[in-house]
Amino acid sequence: MPLRCLMLVTICVVLITTEAVSDENVKKAVGEEVSLRPARIDPLVSSIIWKHRNSSGFVVKAIEWDKDDDDGVNIPNQRFKGITTLDEKTGQITITNLTVKHGGLYTIDINNKEQEQRFNLKVMEKVLKPVIKLKKTEGNPDVVYLICEYSETIIWRNSSGEILIGSLHHPKGEFITVKFTGNPDNFYTCTLDNGASTETSDPVYERELFKDFWGFVIASVGMVFIILFLFIPPCHDYCADCCRRHKTSQMQSHMWNFSTHLPGHRL
Ligand SMILES: *[C@@H]1O[C@H](CO)[C@@H](O)[C@H](O)[C@H]1NC(C)=O
């Protein structure tokens, strides 16, 4: 028990100290809003300044508040005007309608003292809605490839909501191999995730994927009938019995050939 207690304390100390020294990473999509808030704030807070440093190292004040200033909140920089608010009690800054230019490092001064907690904001373009590409396989009408050709993280799902493991597609993206199941309502989707936003493709239904498969089945069945018709000798009254036997054995052998040459097991 004392050992467990010690471990718990150690973990807490490690967590608290790492939080104090490390930057918090936040990812948002263009047009979204972000709220950043210091973990702790002095209850006797008299001034707050949020500063923004962009990737070129250029620092501006995003928003400032001073208890003794009659104006209250001041937003000196054009980039933050009209979209930035501050909660003086919690120190929380909220910026709406984000653009890529709002990305960068945010620091907070409370009572003119810079806090250790910093926020690294990344504002990314909204991810586009993906479109699944379809590729048929040579000689396998009951198998197709679905391709999601994008650089973002890709998540494949089927109609049961299960996540499917894709394979790498060249030059980018992933593909999955879809087998004919016989259920036309089965579908597949591809979701893109760039860390800030996600978008999911329209579903691709099995009924759209295997139109050729049914054509193939019908053609094959037709072929078998033609073969049966051509190869079974005409029957004569004098040999009704032998003819019947011959017909049965030929039919069996053709049926057997038919089933071994067809992919799948639907017939
Ligand atoms: C950083 O801000 C300065 C001043 O607004 C601007 O000239 C510069 O292009 C910015 N850099 C980036 C990478 O946005």
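Mentor: What follows is a set of questions about the terms applied to this predicted model.

Trainee: Why is Asn158 called buried?

Mentor: Asn158 has a relative accessible area of 14%. Buried means under 20%, so Asn158, at 14%, is called buried. Asn158 belongs to strand β12, residues 153-158.

Trainee: What makes the pairing of the Asn158 and Glu162 side chains a polar contact?

Mentor: The distance given for the two side chains is 2.8 Å. The cut-off for a pair of N or O atoms is 3.5 Å, and 2.8 Å is within 3.5 Å.

Trainee: Which residues is Asn158 in contact with, leaving aside its neighbours within four places in sequence?

Mentor: They are Leu164, Phe187 and Tyr188.

Trainee: Which residues surround the ligand?

Mentor: The ligand has Asn54, Ser55, Ser56, Phe58 and Arg79 around it. This shell divides into one nonpolar, three polar and one charged residue. Phe counts as nonpolar and Arg as charged, so Phe58 and Arg79 take those two places in the shell.

Trainee: What makes a set of residues a nonpolar core?

Mentor: The residues must be buried, of the listed nonpolar kinds, and joined through side-chain atoms within 4.5 Å. The largest such core here has 23 residues, and Leu36, Trp50, Ile95 and Tyr106 have the most contacts inside it. Among the elements that give two or more residues to this core are β2 (34-36) and β3 (47-53). Strand β4 gives the most, with four residues.

Trainee: Which residues are in the second core?

Mentor: The second core is separate and has 16 residues, including Ile132, Leu146, Phe180 and Phe210. In soluble globular proteins, nonpolar side chains tend to be buried together.

Trainee: How many of the residues of the chain count as buried, as a percentage?

Mentor: Of the 267 residues, 33% count as buried. The chain contains four helices and 18 strands.

Technical notes: Residues numbered from 1 in each chain as written. Predicted model: local features only at pLDDT ≥ 70, side-chain atom pairs only at ≥ 80, totals over all residues. Heavy atoms only, no water. Near = heavy atom within 4 Å. Buried < 20%, exposed > 50% of the residue type's maximum accessible area, 1.4 Å probe, protein only. Polar contact = N/O pair within 3.5 Å; in protein donor to acceptor, adjacent residues only side chain to side chain. Contact = heavy atoms within 4.5 Å.
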